[in-house]
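Let's take a walk through a protein chain together, starting with its overall form and then stopping at a few residues along the way. Keep the viewer open as you read.

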Amino acid sequence: MTLQKLIFTGGLLLYASSLPQADAQTYSLDSCRYMAIHNNKTIRMAEESIRGAGYERKAAKSLYLPGIDFTGTYFYNQRTINLLGEDAKLPTMSFDPSTQSFKYNVLTDPTGVPIKDPATGSYIPTEVAVIPKEAMSFDTHNVFAGAFTLTQPVYMGGQIKALNEITKYAEKMASAARNSVVQDVVFAVDQAYWTVVSLKAKQKLADSFVTLVDTLHYSVKAMLDAGVATRSDLLTVEVKLNEAKIAKTKVENGLTLARMALAQVCGLPVQSDMHVADEDFDNNYTNMPEPIFNMEDVYRRRQDLEVIRQGISVLEQREKLAMGNMLPKLAVVGAYEFSNPNMNNGFRKRFGGGFSVGATLSVPIWHWGGRYNHYRATKAATTAQKLMLDDLEEKVNLQVTQAKFSFQEAFKTYNMTRSNMNSADENLRSAQEGFREGVLTTSDVIAAQTAWLQANSEKIDAEIGIHLCEVYLEKVIGKLNY
């Protein structure tokens with residue numbers, strides 16, 4: 001190979017080594033929590049609820065301010081308005097200087113007595129003023145009208161203030177609900193994370209156990225060839241070796257599924273081959289920390305209880321809202337109204353209008369107890385919510401106590417599994433040594449290996465159990481914040 005080919009090949013290798021590898025990435029527990037929180041759709045829904053509650057609070061504040069509205073109408077009428085059915089003939093009056101008053105111009109006899117029409121019984125005028133029918137006809141085929149109105153609430157029975165308080169507490173309630181969902185998601189992430197760690201440790205244990213049994217299989221086979229072991233001994237070891245390989249396959253499949261479950265919780269594609277930072281953990285717990293907490297602080301920190309507390313505040317404001325329905329309401333109203341045609345200065349087919357200012361007062365008098373019963377219903381709902389809070393606090397107290405006992409039990413179990421593992425190691429060493437010296441059988445070694453496998457598996461479960469019990473305890477006492 002020439003020098004140029006060597007340089008070209010070396011450059012290709014360096015370039016290939018600089019490319020991103022398709023190997024699985026390694027994620028820490030914090031990074032898994034971060035991804036889960038930012039990718040979880042339930043949390044995003046809760047955040048949208050907070051945003052919506054904020055808009056509702058701003059909308060409630062606007063009720064203190066005057067509202068300006070515009071209303072426009074249009075009508076098409078088939079007929080015109082005719083105030084007269086025919087020309088109107090009105091009698092006239094003349095001034096009489098002798099009496100210094102006006103008198104009707106009516107027909108009189110020679111003696112000056114007014115003459116009545118025999119047909120109608122009315123006096124016969126000598127002069128009339130004629131109003132043509134067309135003069136009192138108005139074209140209203142097309143009518144346009146509109147109004148700008150301004151309404152300023154003055155006193156609404158305390159309902160506006162109650163609505164503002166309701167939206168404020170509703171926003172806090174949505175925030176607490178979001179925090180509660182975050183805690184649930186974080187707890188689910190921790191469970192999935194430590195499940196991966198547990199199965200990874202058990203995979204290594206399964207590999208070690210297969211190697212252990214395979215070594216025994218090799219020794220028994222050699223002894224069979226030397227004539228110091230039986231075919232039955234070899235078959236017994238082969239059966240155990242196959243069982244170990246099957247168990248290893250199951251653990252590997254479980255680990256693959258656990259990685260998929262973790263990826264799903266973190267919001268990644270389920271086919272992501274997630275490796276976690278604590279896969280090679282080796283904890284050596286010595287002293288068990290004593291959980292110290294105050295139940296009043298627990299009640300205050302628990303976000304699910306905070307949702308109920310804010311709900312009680314909302315219901316208390318609903319009581320005031322219902323009470324407002326029984327109180328008078330006062331508002332100031334101003335308007336500018338216009339129409340076409342308009343009647344401001346006679347009938348004109350043009351736009352014209354004017355301003356008006358006034359006040360409205362509404363006083364409830366009698367509604368057959370409907371509004372009062374609605375008020376009583378809201379008070380009953382508030383009382384029921386307070387009883388629910390008391391019940392949940394009692395359940396939380398029991399939950400915290402159980403979580404504390406589980407945490408302490410996990411440490412005790414871990415200490416016992418450590419002792420069992422040390423005994424199992426010594427038992428396995430003694431069995432292997434006795435087998436080499438010929439004083440123990442193959443079955444004795446297999447029994448010791450099985451006990452060793454079980455002791456190590458229980459130790460792994462105990463170590464993972466401490467993590468899970470710890471995070472669960474943090475969750476139930478309200479300290480699992482992220």
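A compact globule of 482 residues would have a radius of gyration near 23 Å, yet this protein chain comes out at 47 Å. (That radius is taken over C-alpha atoms, and the globule rule is 2.2 Å times the number of residues to the power 0.38.) Along its principal axes, the C-alpha trace spans about 175 × 75 × 40 Å. Before going on, note that this is a predicted model: local features need pLDDT of at least 70, side-chain atom pairs count only at pLDDT 80 or more, and totals for chains, interfaces and linings use all residues. Residues are numbered from 1 along each chain as its sequence is written, and side-chain values use heavy atoms, with hydrogens and water left out.

What is the chain built from? Buried residues make up 32% of the 482, where buried means under 20% relative accessible area, exposed means over 50%, and partly exposed is in between (1.4 Å probe, protein chains only). Now take the contacts, meaning heavy atoms within 4.5 Å. Among those in the chain with a separation of 6 or more, 79% are between residues 24 or more positions apart.

Let's zoom in on strand β9 (residues 142-155), where you'll find G146. Is G146 buried or exposed? G146 counts as buried because its relative accessibility is 7%. Leaving out residues up to four places away in sequence, G146 touches T71, G72, Y336, E337 and F338. Look at N340 as well: N340 is 194 residues from G146 along the chain, but their C-alpha atoms are separated by 9.2 Å.

Stay with N340 for a moment. A cis peptide bond, with omega about 5 degrees, joins N340 and P341. P341 itself sits in the loop between β11 (329-340) and β12 (352-362).

Follow the chain past β12 and you get to W368, in the loop between β12 and α8 (370-437). W368 isn't a glycine, yet its phi is positive, near 60 degrees. W368 counts as exposed because its relative accessibility is 74%.

Next, the helices. R178 is in helix α4 (residues 159-226), and its side chain makes a polar contact of 3.1 Å with the side chain of E47. (A polar contact is a pair of N or O atoms within 3.5 Å; within protein, one must be able to donate a hydrogen and the other to accept it, and residues adjacent in sequence count only if both atoms are side-chain atoms.) Apart from neighbours within four places in sequence, R178 is in contact with I37, I43, A46, E47 and I50.

I43 also turns up in the story of N40, whose side chain reaches the backbone nitrogen of I43 at 3.0 Å. N40 lies in the loop between α2 (29-39) and α3 (41-61). With a relative accessible area of 18%, N40 is buried.

One last stop: S232, in helix α5 (residues 231-266). S232 is partly exposed because its relative accessible area is 45%.

Notes:
Helix = DSSP H or I, 4+ residues; strand = E, 2+ residues; numbered from the N terminus.
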